[in-house]
Amino acid sequence: EPLPPDAVIEDFVLSMRYVLQGMRVVYEPAAVSWEDASPSFGEEFKRKVRIIAGGWQSVIWLRQLLSPRFGLVAFQYVSHRVLRWMVVPFLLPLAFIANVMLAQDPVYSLLLAVQVALYAAAAIGHHLQQRGIRWKPFYIPFYFVFLNVAALLGAYRYLTGRQPVTWEKVQRA
C-alpha cells in the first residue's frame, strides 16, 4: 500500500500501518544503523521541528492506534507521541502562568520557584552549549526546554500547513 506523497515521517507511518494490520514491529538487537549527528544545534532544532510536525501528522493519520484494543502499543503511542509532543509542550507555559497567578499561596510559590530555577538552568545550559560545554546539571534542563520549544514550533508548522515534506540535507562534517 503506497504511502501518501505528503508523509513527513514515512518510516514511522509505514511501520505503524503494519501494526494496524495486526502485525508486530519488533526490536532486533543485531540490526545496526548509523546516522551522523547534526553539525550544530540550529540544524538539530530544524530536524526536531520537522520530526515533531510529522509526529502530529502521524497521530492524525494513525489515530486508530489510540484505541485500547492495541494494548501496549496504544500506551506507548500515547506516551511517546501524544503526551510528549502534543500535550506537555502546551501545559508547560500554562503551568508557569498558573503558578504566577497563584504565587501568593506557599505551595504555588514553591512550584514557581522550581520552574524559574529550571528555566534559569536551561538558559545557563544554552549559554554553555554555545561554548561547546555540556555539563549535565545545566545541559539536561536546556535540552528539555529545547525539545519542548521545538514541539511547539512543530505543532505550529503542522497546524498551519507550513511543514514541507522535503527537507534540506544537512552538511556533515
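## Crossing of α2 and α3

The crossing of helices α2 and α3 is left-handed in this predicted model. On the α2 side, the contact is made by Ile 51, Ile 52, Gly 55, Trp 56, Ser 58 and Val 59. Helix α3 contributes Tyr 77, Arg 81, Val 82, Trp 85, Met 86 and Phe 90. Sorted by class, the residues of this contact comprise nine nonpolar, two polar and one charged.

Helix α3 spans residues 71-101, and its packing angle with α2 is about 115°, the two axes lying 11 Å apart.

## Ser 58 in the contact

Ser 58 belongs to helix α2 and is among the residues that form the contact with α3. Its relative accessible area is 0%, so Ser 58 counts as buried.

When residues up to four places away in sequence are not counted, Ser 58 touches Ile 9, Phe 12, Val 13 and Tyr 77. Of these partners, Tyr 77 is part of the α3 side of the helix contact. Ile 9 is 49 residues from Ser 58 along the chain, yet their C-alpha atoms are separated by 7.7 Å.

## Glu 44 in α2

Glu 44 is also placed in helix α2, which covers residues 41-61. Glu 44 is classed as buried because its relative accessibility is 12%, below the 20% limit for that class.

The side chain of Glu 44 forms a polar contact of 3.0 Å with the side chain of Arg 47. With neighbours within four places in sequence set aside, Glu 44 is in contact with Ser 38, Tyr 143 and Phe 146.

Conventions. Residues are numbered from 1 along each chain as its sequence is written. This is a predicted model: local features need pLDDT of at least 70, side-chain atom pairs count only at pLDDT 80 or more; totals for chains, interfaces and linings use all residues. Side-chain values use heavy atoms; hydrogens and water are left out. Helices (H or I, at least four residues) and strands (E, at least two) are DSSP runs, numbered from the N terminus. Buried means under 20% relative accessible area, exposed over 50%, partly exposed in between (1.4 Å probe, protein chains only). A polar contact is a pair of N or O atoms within 3.5 Å; within protein, one must be able to donate a hydrogen and the other to accept it, and residues adjacent in sequence count only if both atoms are side-chain atoms. Contact means heavy atoms within 4.5 Å. Axes are lines fitted to C-alpha atoms, for helices over the stretch in contact, and angles run from 0 to 180 degrees between N-to-C directions. A crossing is left-handed if the near helix is turned anticlockwise from the far one by less than a right angle, and right-handed if clockwise. Ala, Val, Leu, Ile, Met, Phe, Trp, Tyr, Cys and Pro count as nonpolar, Asp, Glu, Lys and Arg as charged, and the others, Gly among them, as polar.
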